[in-house]
Structure formats: structure tokens, C-alpha cells
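Morning, everyone. Let me put the structure up, and then we'll walk through it piece by piece.

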Amino acid sequence: MNIYLNKKENAAAGAVALDDLFLTKDMPTTGGSKMLDGYMSLFDAEIVSGLAAAGYEIGGKVNIGEFSIDLMGESSYYGACEKDGKLAYAASEALSEGAGAVMCLDVNGTPRRAAALYGKVFVKPTYGTVSRYGTIAVACSGETVGVMADTAAKCGEVLSAVAGHDDKDGTSLSEAECAKIKNGAEFRKITKIAVAKSICESADDAVKAKLAKFREVMGANGVEFTEVDDTVLALAKTAWNVCMSAELCNNVSRLDGVKYGYRTKNYKTIEELYTNSRTEAFGDLLKTAILFGSDALSTENYMKVYDKSLRIRRVVSERLQEIFADFDAVLMPACGKDSYTMADVKADKYMAFKEALYTAPASLTGMPAVVVGGVQLIGAAFSDQALLDAAAAFEKEAK
Amino acid sequence: MKKYETVIGLEVHIELATESKIFCSCSAKFGGEQNDHVCPACCGMPGMLPIVNKHVVDLGMTAGLMLNCDINRVTTFDKKSYYYPDLPCSYQTTQWFSPVAVNGYVPIETSKGKKNIRIKQIHMEEDAGKLVHDDWTDTTLVDFNRTSVPLCEIVSQPDLSSAEEVVAYLEQLRSRLRFAKVSGCRMEQGSMRCDVNLSVREEGSDKLGVRTEMKNMNSISAITRAIEYETARHIDALENGTEELVQETRRWDDIKGKSYAMRNKETAGDYRYFPDPNIMPIVIDDEWFDRIKGTLPELPEVKKERYISELSLSEYDAEQLTQSRALCDCFEAAYEECGQAKEVANWLISDCMNILNKKQMIADDLTIGGKALGQLIKLVLDGKVQRGNGKKILSAMFDEDITDVEQYAKDNNFIVSNDTGAIEAVIKAVVAEDTRSVADYKSGKEKALQALFGKCMRQLKGNCDPQVLRTMLIDIVNKS
Ligand SMILES: [Zn+2]
């Protein structure tokens, strides 16, 4: 299995691994793409310095799908991670092999999906909590640095080492906002959870069973569940696909074969250099997203598609605010199925876009989300600690 | 022949005078070794995020206010995508949806009278790099020193109708923006360049003709020639059907004196603008707005009138001084110190400009302190320093930072001596040594006295009241 792209053989058990979108000076950073095969960064990502300062050892870089927009890492240039005929995920496999935690850039919900499938905990904090300085930019308006670990406590511990304001990231939360998250007092213990009705119902039986288990365990612990109308939340999927593809199309446009990265041997003109380098180095899913994004931003479609998606983003945020006026969190799955195979992905190449139904609401709005027990809780901005506490409570009661 | 009129709109790019680039801390200075002023951000390497240089926004707002624009209190940066090797990210960060300033105007005056040229908008953006072709290896190399150097683009309405108006407009822009220290606006260094949009229509018609654009014009004379050429070409096409006019971008060849259509490839394309998610909208609050408003200088033409009416300067002097903010600042500070406007003007316009010219610098490069200049002029007017020595001190002020001029003059023996004993000693020594001149003078040759006077003055380093010296010299020679 292609779990590690780079592993420090002498790293102690419990070292923290990074997914391959975080730039490191001492190891290549590829983004899972042939385009950046062997790319050495001149500087470390902010989280690398943050982890080192907090005394964490970096154990290596784990495999991801090309720029992490796919379902389960299957689009990696270095090959998918498969186990027992199913798609596994490098980050969760690394945990099973002894990594203490894995830092993942949550671009299209892939780490949340994997955590749900393989019984790990993943925290995607409020947008802006962790600096994105030194992460390969894909879909900047929503991608968030998160932590995958075996327990909520471990997620919280590692997160606190990398959270905080950073002057080098213009979207980083202010010191005051960071303090608000740290102190967490403003957010009460999670006792009332809204259930995203139609989104939960769209999942398969195995996922539904995990939802039922979560409700049962937490219900016994005094948490009240109420089903709410989630029609608006379901719109997040398409809007996120548009925003992600558009931003991705623009962000990867710098990968043109001119300055660094893969360059075709087959060119006579600069246009051929661009076209052939990109054609030869990019995978199919990425190309699909580039075309989709490019079309969304075209003069003809900008208002109809891209601008409309930005408006949907606002509407979804407003709907979530509305829900958070009465509830402490929203429950929904992080994925629709209990497992995925390479054959599934080959049969439906848009699967990663479709599965965004479950991950897009938090990606699009920047709200914090925690995956635990195979389900996902989304909280109001800055309620990260309350979500982690609820996850910890679930872990305790489920045992 | 029918009567035609030319309709011209300009897009003027000026480089903003900041120390560092717009989104990283690299130097924005002109020149330097190739790829000296670069970092991972302005080279388009992965992982860097843009952090807006606030000084760029200050200057964008200043430009807007100097050109009578409304300032958008919430201004955003947007991405414009296109592929070109000098553009490292394959997108340019610019302002598309909410530029910093809109709806302004600039008054101009030409032989046809006064007129306002409306400004549509001013937006801030980053410059691209430079391609350098290496003939030896037949390869094209990229120099990223210029990438992310802050620019602002000033877009006029199509209110201009002749080369003369265009030149007057550009000169107004240049004068105002240089005065406000927004930009050096030096066309020869590329810190001001413009795109000319031009069309021709029958006089009185309210329909615009087919528009052509000439990009990257960087001298006033080339702009004038290009406008005249294009106007003639359009009229010829309309009148004689020599060619079919198409909307296109053309390149002006100033050596051949002709414009050429550029390949379609270079101009076509959909720029796919969208808001940059990494740059939060910039909110200009009242405090920020007021701070910038408070720094706006008096307009050059207002200053000129004031120099004439309040300080009784000649039209010529006032005109010369108000060519440059640096001259005006120095003039005003020096005037405050010594109270002699005409005298200060002379020192600046002739002496200082001579020194600058010798150093191949322009008035804006003037660095001497106005207060120090005022002190110097005062010392000269009070007879404490000989005028000739004053010029020497002035020259030194360009090379070293002299804040206390009187002390400097003392330290360097430039103060006129009132010590008659010392003067007498010098005269006696000269008279004793040059017996021939003394004899000549005594035999009636007046010129011989001048020779003696000169020798004494040289030995005294000029630091002596000539009248006192002359009287004492005659006295001593006669007694000898
Ligand atoms: Zn730089």
C-alpha cells in the first residue's frame, strides 16, 4: 500500500505525519501530482514550524489524491491506497500503523470521509484557525488544515499546537477570535443537535446504522435530537463544486511547466510547452475540475454559475446560523456509503463531486466539523472545542 | 471631405512609489541584478499567500483623491487569468469588481481652452516580469524583479479629442501624482506608460467609430505621433475606403512611425476574473480616509498662484519651483527659515538645479534639507559667510547630511572673520613678500593693488569682509 510518500525511518512511534499538500524543506512536496513529482520547497509550512515548536516530531508525508479533491486518494500519481479490495486512505492507514496524528488539508472533505469510513476522528476547525501558509493552494476559500487521530483528545491536543493567528495568511483569524476558540466558554456543552433530515436519509444502510448508534449513545447521555429541514444545506454541494473547481483551475494554472515541476519533452512553442506539460502531468479528475472551473468563470457563465454559487454560499451560511440559534450542532454523515472501491470510482467519475453532499456544507461555510463514530457534527463558528468535547463524550459512552 | 473628430480614452499605468512589492516584502526598486528582488511569492511558487502592502492602498487612495475621485470604502482584489511566461502565477491580481477609486476628473487647458477629462476608475494591481531573449543560446529567460511591483491604472472616459489634449492630460496626471508622491511618473524608466484607445467619427455624430488600442506607449513624443498617425489612418479608411477598420490592438513602431496590427493570439482571451479568496475585502474606515485626506498636498497650480501673489515671486520662478514637490518642500522650509523668497528661489532654481544636472538627477531627486538651505542663505545675507563660500557649502550639502550649517561653516573655516589683528597679520606678510606689487602700486599702477588684495583674500580663505580688507590693505601699503 502506498501510505507514505516519504517516511522518516528513525521517527519514534506517535510522530505526526503530514499529507503531501504541506510544504517541507527536507522532503519533497508533490500534492499527489506528477506535475510536482520531486518538488522541493524553499520553505516549511507554518504548521511544520508550529508542530516543531510544540515538540512534535514529523514522521513523514502521506499519500493523497491529486490536490486532494478526489474521493479517497485514488487519483494520486503514486497510486491508490487499497486494502481488501476497497479504497483505503493513506492518512487513516498511517494512524493504524502507529502515527500519532496526521495533518490533512481538507479540500473536498476527503479526510472527513476517510475518518468516517475507518473509525478515526477528524477535526476540521473553523476556517482561519490554522495558517495555510505553506500549503499548496487548491480551493482557498474553504480548504482548512485539520487533524486526524484515533481520539478526539489527540485531535484537540495537536490542533492547539498549530492553531493561532498568522500574519502570513490574510485569512487567518484575529488574535481575539483565536482566543475565543481557545477559551470556548461562549459555547455551552452540546445538548441539542439538529439532524439534517434528507441528507441523512440519502445515505446507505450501513451509514444510517452509524447515525442511529450515535443518536442512541448521545441520547442516553441526555442529548436531544430534532430533525430539521435541510433543503438549503443540500444546495451546498453544487455551490462547493463550482467554487472549488473555479479556484482550483486558477490555483493550478501556475503549474505550467515553465518555472518548476514537470515539463514535457514534446514542444516547439510556448503554447505547446504549456499544453503538453499539463496534458501529460495532470490526471483525469483534475482535468475535469479544471474544465468545469474554467467554464464557471467564463464571461458567459460567471453570473449564472460562479456568482450564483457565491450567493448560495451566503444562503447556506444564513440557514446554518438560523439552525444554530436553536441548536448546538448539526448531525449528518460524512459520506453516503460504507465503502468505496476502485471500480465504483471508475464507473462514476463524478463520485467525488456527488459525495460532496455530505462535506460541502462545512467546506462552503467555513464552519467547524468533527467526524467521530462514522458520523459528522457541524458546529457554529468558533465552537470547535464544544464539538471535540461532544466527540470525546461519544467515545467514552460508546465503549 | 467630411469633418471628423477623434475620440480618445487613455489607460495610464503608473508605478506606485513604495519600498516593497504589493503582496510580498521584496524590494520594489527600479534596477538591480536580474532576479535579485524575488521570493517564492513573487516567483509563483506554491504555498505563499498574498499579504496586501497597506502603503499601496494609501497611494491608491491618494491618487484617487488627487484626481477628484470617489473612494470605494470597501475595495477588493480580484484575479485575472492568462498564460504568459512573465506572469509567474498565470494570473494577475488586480481590481475588477470594486476598484479603489471611481468617478473623478482632471481639468486640462489647451489652445482650445479649458476642459475636464473624466476618470472612470483607478485600480491597483501587480506588474508582470520581463522576458529577456538571449541571442547567444537562442533562449528566452525571465526576470521576475518587476513581478508584483505595485501599479495603479487610471482609466479615463473617452473625453480626449487630440494629441494636444492627451499631452495636457498626461502632464496634469504626472504633476498631480508626483506632487502627492504617489509615483515618480518617469516614462523613461517605465514608471508611467499608457494604452491609447482611439476612434474617429463624423463631427457631431453621437455614435462611436471602430476603436483601436495601442498598448504600452512610453514617451510623450511617441504618443503624439501615434495619435496623429492613427487619426489619419482612420480618416483615410473612412474617407477613401483604403482598408476596413476592425477593433484590434496595435503596436506603435516609433522608429518607422507606423502602427501595426498585433497577432490576434496576443490579444484574444477570456480573463476569468473572480474575487481573490485569499485577500479579504479592504475596509477603509473614516480614520484611514481622513489620514490620507490630511496628507494631500496643495495642487501645483494653486501653489504657483500663491507663490506669485503672496511671496511676490516672478511667474517664471513660481513655474520652475512648482514643477517638483521636492523643490516646493525645500523652498517652503527654506523660506520659513530665512524669510527671503526671491533669494531662496534663486538658490534653488539656478544653483541647486545646476548641481543636480551635473549629477544627472532631476528636481524630484533633491535631498538637501530646506531648513539647512534657509540657514545657509541667512548666513550669506548676514555677511557671515561669503557668497562664494556659501556655494561651496551648498555643494557639500548634496554629498553629506549637514543639519547645522553654521557649525559646519565654523568647522571648515568658512565664517567671515572680524579679527582685524589676524587680517592685519596676513596683509603685512603679503606686503612684505610681494615688494614688487607694492612698488608698482606706489608708482601708480592701480591693478597691482588688486593682485595684493587677491593674495590676501586667498590666504584668508575668503572669510573676510572685502570692504574691511581693502581699506586696511591700502592703509598698510601706504604706510610701508
Ligand atoms: Zn517577493
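First, a term: helices and strands here are DSSP runs, with helices at least four residues long and strands at least two, numbered from the N terminus. Also keep in mind that this is a predicted model.

With that term in hand, take A:Asn301. A:Asn301 sits in the loop between α11 and α12 (302–326) of chain A. Buried or exposed, this A:Asn301? It is buried, because its relative accessible area is 11% and the cut-off for buried is under 20%. Leave aside neighbours within four places in sequence, and A:Asn301 is in contact with A:Asp295, A:Ala296 and A:Tyr306.

Now back up into α11(A). It has 14 residues. At 1.5 Å a residue, α11(A) should span 20 Å, and its end C-alpha atoms are 20 Å apart, so the two agree. Which residues of α11(A) are buried? They are A:Leu285, A:Leu286, A:Thr288, A:Ala289, A:Ile290, A:Gly293, A:Ser294, A:Ala296 and A:Leu297. What covers them includes α9 (236–251), α10, α12 and α14 (351–354) of chain A. The cover also includes β15 (274–275) of chain B.

Next, α10(A), residues 270–281. Twelve residues at 1.5 Å each should span 16 Å; the end C-alpha atoms are 16 Å apart, so that agrees. Buried in α10(A) are A:Leu273, A:Tyr274, A:Asn276, A:Ser277, A:Arg278 and A:Ala281. Their cover includes α11 (284–297) of chain A.

On to the metal. Which residues coordinate the zinc ion? Four cysteines of chain B, each through SG: B:Cys24, B:Cys26, B:Cys39 and B:Cys42. The distances run from 2.3 to 2.4 Å. Along the chain, the donors follow the spacing C-x1-C-x12-C-x2-C. Why call the arrangement tetrahedral? Because the four donor atoms subtend angles of 101 to 114 degrees around the zinc ion, and the rule asks for all angles between 85 and 135 degrees. B:Cys24 and B:Cys26 are both buried.

Aromatics now. The count is 18 aromatic pairs over all chains. One of them is A:Phe214 with A:Phe394: centres 5.0 Å apart, planes at 35 degrees, so the pair is tilted. A:Phe214 lies in helix α7 (residues 205–220) of chain A, and A:Phe394 in helix α16 (residues 384–398) of chain A, so the pair ties together parts 180 residues apart in sequence. Both A:Phe214 and A:Phe394 are buried.

In chain B, B:Phe23 and B:Phe77 form an edge-to-face pair, 5.6 Å centre to centre and 85 degrees between the planes. B:Phe23 is in the loop between β1 (4–15) and α1 (54–66) of chain B, while B:Phe77 is in the loop between β3 (74–75) and β4 (78–81) of chain B, so this pair ties together parts 54 residues apart in sequence. B:Phe23 is buried at 8% relative accessible area. B:Phe77 is buried at 2%.

Ring pairs link A:Tyr302, A:Tyr306, B:Phe97 and B:Phe274. Recall that A:Tyr306 is a contact of A:Asn301.

Charges over rings: two cases. The charged end of B:Lys80 sits over the ring of B:Tyr271, 4.3 Å from its centre. B:Arg470 lies over the face of B:Phe453, 4.6 Å from the ring centre.

Now B:Leu160, in the loop between β10 (150–156) and α2 (163–179) of chain B. Its relative accessible area is 1%, so B:Leu160 counts as buried. B:Leu160 and B:Ile8 are 152 residues apart in sequence, yet 4.8 Å apart C-alpha to C-alpha. Beyond residues up to four places away in sequence, B:Leu160 touches several others, among them B:Thr6, B:Val7, B:Lys115, B:Ile117 and B:Tyr169.

Last, backbone angles. Most residues other than glycine have a negative phi. B:Asn103 has a positive phi, near 55 degrees. B:Asn103 is in strand β6 (residues 101–110) of chain B, and is exposed at 51% relative accessible area. B:Asn413 also has a positive phi, about 55 degrees. B:Asn413 is in the loop between α11 (405–411) and α12 of chain B, and at 45% relative accessibility it counts as partly exposed.

That's my tour. Over to you.

How values were computed:
Residues numbered from 1 in each chain as written. Chains lettered and ligands numbered in written order. Predicted model: local features only at pLDDT ≥ 70, side-chain atom pairs only at ≥ 80, totals over all residues. Heavy atoms only, no water. Donors = N, O, S within 2.8 Å, 3.2 Å for Na, K, Ca; no water. Tetrahedral: all angles 85-135°; square planar, octahedral: opposite > 155°, others 65-115°. Buried < 20%, exposed > 50% of the residue type's maximum accessible area, 1.4 Å probe, protein only. Phe/Tyr/Trp six-rings, centres within 6.5 Å; stacked < 30°, edge-to-face > 60°. Lys NZ or Arg CZ within 6 Å of the ring centre and 35° of its normal. Expected span 1.5 Å × (residues − 1). Contact = heavy atoms within 4.5 Å.
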